[in-house]
Amino acid sequence: GDKTTDDLRSKSATDFDKAYVDAQVKEHQTVLTTIDGPLLSNAKDSDVKGYLNTIRPKIAEHLKHAQKLQSDLAK
């Protein structure tokens, strides 16, 4: 929360963009890892499994987009 916000506030525009995208990549990777690991393997309810399988590709797409931004910003 607050530490990330403070870190971002103290950065220049380019550094801010990089830090923001890095945070997005990290968060999306964490969510995917959590879905692929404990959530899907422990989901007994078909509605829950269905929901996880519905949101997973969207999160993966966001991650791919964030990673592309990340590599563009690194140039």
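Predicted model: local features only at pLDDT ≥ 70, side-chain atom pairs only at ≥ 80, totals over all residues.
Colleague: What makes Phe16 and Tyr20 lie about one helical turn apart?

Modeller: Phe16 and Tyr20 belong to helix α2 (residues 13-42) and are four residues apart there, so about one helical turn separates them. A helix here is a DSSP run of H or I with at least four residues, a strand is a run of E with at least two, and both are numbered from the N terminus.

Colleague: How many aromatic pairs does the model contain, and by what rule?

Modeller: Rings of Phe, Tyr and Trp (its six-membered ring) pair if their centres lie within 6.5 Å; planes under 30 degrees apart are stacked, over 60 edge-to-face, and the rest tilted. That rule gives one aromatic pair. The partners are Phe16 and Tyr20, with 6.3 Å from centre to centre and 10° between the planes, and the pair is therefore called stacked.

Colleague: Are Phe16 and Tyr20 buried, partly exposed or exposed?

Modeller: Buried means under 20% relative accessible area, exposed means over 50%, and partly exposed is in between (1.4 Å probe, protein chains only). Phe16 has 33% and Tyr20 has 41%, so each of these two residues counts as partly exposed. Asp36, which also has its place in helix α2, is partly exposed because its value is 40%.

Colleague: Why is Leu63 called buried?

Modeller: Its relative accessible area is 10%, which is under the limit of 20% and therefore makes Leu63 buried. Leu63 is found in helix α3 (residues 46-73).

Colleague: Which residues does Leu63 touch?

Modeller: Contact means heavy atoms within 4.5 Å. Leaving aside residues up to four places away in sequence, Leu63 touches Val25, His28, Gln29 and Leu32.

Colleague: What is the setting of His28?

Modeller: His28 has its place in helix α2, and it counts as buried because its relative accessibility is 15%. With residues up to four places away in sequence again not counted, His28 touches Ile59, His62 and Leu63.

Colleague: How far from Leu63 is Lys11, and how far from Asp36 is Ala74?

Modeller: Leu63 and Lys11 are 52 residues apart along the chain, and 23 Å separates their C-alpha atoms. For Asp36 and Ala74, 38 residues apart along the chain, the separation of the C-alpha atoms is 29 Å.

Colleague: How is the protein as a whole built?

Modeller: The protein has three helices and zero strands, and its pattern along the sequence is α-α-α. Of its 75 residues, 17% count as buried. Among the contacts with a separation of 6 or more, 63% come from residues 24 or more positions apart.

Colleague: How do you know how the protein stands against a compact globule?

Modeller: The radius of gyration is taken over C-alpha atoms, and the globule rule is 2.2 Å times the number of residues to the power 0.38. A compact globule of 75 residues would have a value near 11 Å, whereas the protein has 15 Å. Its C-alpha trace spans about 45 × 25 × 15 Å along the principal axes.

How values were computed:
Residues numbered from 1 in each chain as written. Heavy atoms only, no water.
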